[in-house]
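Below are my notes on the packing of this chain, as numbered points. Please read them with the model open.

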Amino acid sequence: MSSTRTMGIAITDTGTTQVMPLGFEFHEPASGDDQGEKVWIYVEASEALVIGSVCSYAAAATTVKVRKVPANTHAGTILGVAQHVIAINAFGFILRRGVGEVLADSGGTTANLGLIAGDAVGTADAAAAVTDASFGVAQEAVASGLATCWINCQG
């Protein structure tokens, strides 16, 4: 039995009806994949999100409504990363902490370097210099597209 069913819905469930309080965090216990615990947060999408979309609070949001992070934004505003498609104005979970997929922009990622908000909306770049602006660490190098990363969002 999946540990995500203990709250009545699956992490991948999305829809236009809100079924959990916005901002609700679900701690998915470590499993046999040896990647540790994952923390998910329930949000409303102000725009369509794809797998790997890096998300921050929507402009002027007073609730946990998210958008794709603007280019070159401070990492402190990043709330999580979408691990499945969430339609515009729909509700669902995004990954706040744990191993997941992050959409890298054309600058790509480099294994073992920190992740910063990318030059393109909703993406990430590798931080070539040591910086406190990171929201995770790349586990692999990709030129662009999805990269497996350790995510630790504080927004």
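1. F93 has a relative accessibility of 0% and therefore counts as buried, the cut-off for that class being under 20%. Please keep in mind that this is a predicted model. F93 is also among the residues with the most contacts inside the largest nonpolar core.

2. On aromatic pairs: searching the whole structure gives three of them. One joins Y42 and F91, whose ring centres are 6.3 Å apart with planes at 10°, so this pair is stacked. Since Y42 belongs to strand β2 and F91 to strand β6, the pair ties together parts that are 49 residues apart in sequence.

3. Through ring pairs, F24, Y42, F91 and F93 are linked into a cluster.

4. Next, the core. The largest nonpolar core contains 27 residues, and M7, V54, I78, F93, V102, L115 and F135 are those with the most contacts inside it. Two or more residues each come from β2 (38–45), β5 (78–81), β6 (91–104), β7 (115–117) and β10 (145–152). Which element gives the largest share of this core? That is β6, with five residues.

5. There is also a second, separate core, made of 12 residues. Among its members are A45, V66, A82 and I94.

6. V54 deserves a look of its own. Leaving aside residues up to four places away in sequence, V54 touches R67, K68, V69, I78, G80, V81, V102, G122, T123, A124 and F135. Of these partners, I78, V102 and F135 are listed, like V54, among the residues with the most contacts inside the largest core.

7. Finally, the surface. Which residues make the nonpolar surface patch of about 240 Å²? They are I51, V85 and L146. I51 sits in the loop between β2 and β3 (54–57). Its relative accessibility is 38%, so I51 counts as partly exposed; that class lies between the 20% limit for buried and the 50% limit for exposed.

Key
Residues numbered from 1 in each chain as written. Predicted model: local features only at pLDDT ≥ 70, side-chain atom pairs only at ≥ 80, totals over all residues. Heavy atoms only, no water. Core = buried A, V, L, I, M, F, W, Y, C linked by side-chain atoms within 4.5 Å. Buried < 20%, exposed > 50% of the residue type's maximum accessible area, 1.4 Å probe, protein only. Helix = DSSP H or I, 4+ residues; strand = E, 2+ residues; numbered from the N terminus. Contact = heavy atoms within 4.5 Å. Patch = residues over 30% accessible without salt bridge, like charges linked within 9 Å, V, L, I, M, F, W, Y side chains within 5 Å. Areas by Shrake-Rupley, 256 points an atom, 1.4 Å probe, with all protein chains shown as cover. Salt bridge = Lys/Arg side-chain N within 4 Å of Asp/Glu carboxyl O. Phe/Tyr/Trp six-rings, centres within 6.5 Å; stacked < 30°, edge-to-face > 60°.
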